[in-house]
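Keep the viewer open as you read.

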Amino acid sequence: MRLVLVGPPGAGKGTQAAFIADKLGIPHISTGDIFRANVNQQTPLGLEAKQYMDAGQLVPDEVTNAMVADRLAQSDVAGGFLLDGYPRNLGQAGVLADSLDVAETPLDAVVEILVDTEHVVGRLLSRGQGRSDDTEEVIRHRLGIYASETAPLVSYYRERGLLRSVDGVGSVDDVSARVLAVLTA
Ligand code: ADP
């Protein structure tokens, strides 16, 4: 299956993505994780991405799109993939759709994890992962970017018949079961 997971910061996307990818035997591709690995290794990509990440802004599309295209060109995605954190705006969604169309490997579904904003601020502040972008100010900025840039993807994918929305409030197991249910329905 070729899947995309969308949801606000703190919706539990990363946790659900790891679970679904494992269950379906497909690679979990998290752009946030790839950026953080590059920041830790101080690669040129990491040095560029860090300034945006620390401010809660999106890394420029040309940088992100090229990074994802490289990842999707690797052989392990031949049997499907789960994208977590990409696309994050309509421009990225268009680039992704074009490259998947060329390869005749369109998306099968887009899972939206629904969680309200106040809920996610509390979750992010308490998760204590020590991420440098988890201060209240940067979290609120990331949520604002989500609302303005990423939320439009929901109607974009709904119009294309790909959207499957899942209630993201509840235990990790409950949410996982809901996600699997919409993917197998
Ligand atoms: P969250 O969803 O909790 O904000 P992520 O780990 O998905 O966290 O992303 C962390 C940061 O990495 C984002 O705030 C952004 O700076 C950068 N990033 C991740 N994915 C993308 C993307 N598709 N486009 C641009 N920037 C991205």
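**Pockets and ligand**

The largest pocket is lined by 41 residues, and Lys13, Arg36, Arg127, Arg131 and Arg142 are the ones nearest its centre. A pocket here is an open set of points on a 1 Å grid over the protein atoms alone, with protein on both sides within 12 Å along at least five of seven lines, and lining residues have an atom within 4 Å of a point. Bear in mind that this is a predicted model, where local features need pLDDT of at least 70 and side-chain atom pairs pLDDT 80 or more, while totals for chains, interfaces and linings use all residues. Residues are numbered from 1 along each chain as its sequence is written, and side-chain values use heavy atoms, without hydrogens and water.

The volume of the largest pocket is about 920 Å³, taken as the space filled by probe spheres set on grid points that are joined across faces, edges and corners. Its lining draws at least two residues from each of α1 (13-24), β2 (28-30), α2, α6 (117-127), α7 (136-150) and α9 (172-184); helices (H or I, at least four residues) and strands (E, at least two) are DSSP runs, numbered from the N terminus. The largest share, five residues, belongs to α2.

So what sits in the largest pocket? The ligand does, by the criterion that more than half of its atoms lie within 2 Å of the pocket's grid points. There are 18residues around the ligand, with Thr31, Arg36, Gln57, Gly85 and Gln92 coming nearest; being near takes a heavy atom within 4 Å. Helix α2 (residues 31-40) again shows up here, giving the most to this shell with four residues.

Now for the polar contacts, pairs of N or O atoms within 3.5 Å. Gln57 has a polar backbone atom 2.6 Å from an oxygen atom of the ligand, and a backbone N or O atom of Val59 is 3.0 Å from a ligand nitrogen atom. From Arg142, a polar side-chain atom lies 2.9 Å from an oxygen atom of the ligand. Of the 550 Å² of accessible area that the ligand has on its own, the protein covers 96%, using the Shrake-Rupley method with a 1.4 Å probe.

The second largest pocket has a volume of about 240 Å³. It is lined by 16 residues, with Leu72, Ser99, Leu100, Ala103 and Thr105 closest to its centre. Both α4 (61-72) and α5 (90-102) give two or more residues to this lining, and α4 gives the most, with five.

Note on methods
A polar contact is a pair of N or O atoms within 3.5 Å; within protein, one must be able to donate a hydrogen and the other to accept it, and residues adjacent in sequence count only if both atoms are side-chain atoms. On a 1 Å grid over the protein atoms alone, a cavity is a set of points where a 1.4 Å probe fits but cannot get out, and a pocket is an open set with protein on both sides within 12 Å along at least five of seven lines; lining residues have an atom within 4 Å of a point.
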